[in-house]
Amino acid sequence: MSVKINGERLKERLIALSEFGKDIDGGWSRFTWTDEYNRAKELLKQWMEEAGMTVREDPMGNVFGHLAGVDDSLPVVAAGSHIDGVKCGGMFDGNVGVLGALEVITTITENKIKTRNPLEVIIFVEEDGARFNWRILGGRALLGEVTREDLDKYKDKDGISIAQAMKASGSDPDKLNEVKIDPKKYKCYYELHIEQSHLLESEGFSVGVVEGIFGSVWIKATLKGRTDHAGATPMKFRKDALVAASEINVAMERIATESGETTVGTVGWINVQPGTINTIPGKVELVFDIRDIDENNLEKAVNSIREFCSEVCKKRNIELQVEEVVRFDPIHFPKHMIDAVDEAAKEAGIASMRIASGAGHDAQILAKITDVGMIFTPSKGGLSHCPEEYTDYEDIAKGTQVLFNTILKMAEVVR
Ligand SMILES: [Zn+2]
């Protein structure tokens, strides 16, 4: 099939959508269930209807644009992403996937193409989780992994709970039980997304064929030493929790570097108490974010840092508590889902490279119930979650063309 998507329309729509959620501090802060978010969503629903889709919004705020198949009882071939973002983030993260999927359907109806399976565009609510510090909320609700209590428990910086924010936007937290989807409903799901890293740009490719998503483990370590006077306490009498934590942080870098080629480890958050200049830190909390696509290397890094924490704290006579707070296992996409993207790129004459995603996505949640695949487009300078986030519009058009060819393959064109 040599039908082409309309890259110019896609660009215009990305720019039109970027009118919503601009931040005076720079970039975009389009938080879920805010007025700006709701207006962006309404515009997308209008475009979905114009493309011939039947639009449904669930009580959580997830949006589904459905295009009937020749046999509408068959499982759905879906594509989508999110339109919420982080504080002062970019205008491409998530938006490219939603508008790319919309462009695919718009091209299909414009060209009167019929597919055997029904098609769907999904806008997942609250993926980045910037407002309530709780990621991939909409996707997890679709799987029944969110409880009504959670919606009261998690609050934004102004003390507004998820449930309150939902109600103010016309969503209904009390109908959460209606959100869960039937896993049999879907044949597969594809997500087009910006890479948010350097690889595609440095290797000179416009399209990445994603093989899987890194697993991630968050481990919280609490170190209790002794708070003492910084002037009056000789070095040999100290139990400085921050010095121990510093050794541990340096070790995290070494362990991640030595564990495997793709292992990454970060301490991005640390809490030092009491946190005054003339007091020896008596208590430190820090969280390790360790990721890898390879489960063995991930486990190796997790165990190594745990062991190192014990050794250092024993040596320094510091009390240690270690707790695993988050765990997502690595996801390897099914071979036929990856091959379909490869073939779709070849058909379109677009060179592509295989790649794994270090960042998490809605796709990793849907992978629990259906076959999942992803397509990446390059991020200039590897930058993302910042105002400078940029992807060349030609690359976005190429990625969308690959998504289009892939979707038609999976949904089977009927002539
Ligand atoms: Zn995203």
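Modeller: Two residues count as in contact here if their C-beta atoms, placed from the backbone, lie within 7 Å. Keep in mind that this is a predicted model.

Start with M353. This residue sits in strand β15, which spans residues 352–357. Set aside the neighbours within four places in sequence, and M353 touches L200, E203, F205 and G208. Is M353 buried, exposed or partly exposed? Burial takes 20 or more other C-beta atoms within 10 Å, and exposure takes 12 or fewer. M353 has 15, so it is partly exposed. Now compare M353 with D329. The two are 24 residues apart in sequence, and their C-alpha atoms are 24 Å apart in space.

Six residues of domain 1 and eleven of domain 2 form the contact. On the domain 1 side, the touching residues are two nonpolar and four polar, with no charged ones.

Then the helix α10 and α12 pair. Helix α10 covers residues 335–347 and helix α12 covers 393–411; their axes come within 8 Å and cross at roughly 120°. That angle makes α10 oblique to α12. The crossing is right-handed. From α10, the contact uses A340, V341, A344, A345 and E347; from α12, it uses V402, N405, T406, K409 and M410. By class, that gives six nonpolar, two polar and two charged residues.

Last, the helix α8 and α9 pair. Helix α8 runs over residues 241–259 and helix α9 over 295–315, with axes 10 Å apart and an angle of about 155°. Angles over 145 degrees count as roughly antiparallel. α8 is therefore roughly antiparallel to α9. Its crossing past α9 is right-handed. α8 contributes A244, E247, I248, A251, M252, I255, A256 and S259. They meet N297, K300, A301, S304, I305, F308, C309, V312 and C313 of α9. The residues of this contact are twelve nonpolar, three polar and two charged.

Technical notes. Residues numbered from 1 in each chain as written. Predicted model: local features only at pLDDT ≥ 70, side-chain atom pairs only at ≥ 80, totals over all residues. Axes fitted to C-alpha atoms, helices over the stretch in contact; angles between N-to-C directions. Helix = DSSP H or I, 4+ residues; strand = E, 2+ residues; numbered from the N terminus. Parallel < 35°, antiparallel > 145°, perpendicular 65-115°, else oblique. Left-handed = near helix turned anticlockwise from the far one by under 90°. Nonpolar A, V, L, I, M, F, W, Y, C, P; charged D, E, K, R; others polar.
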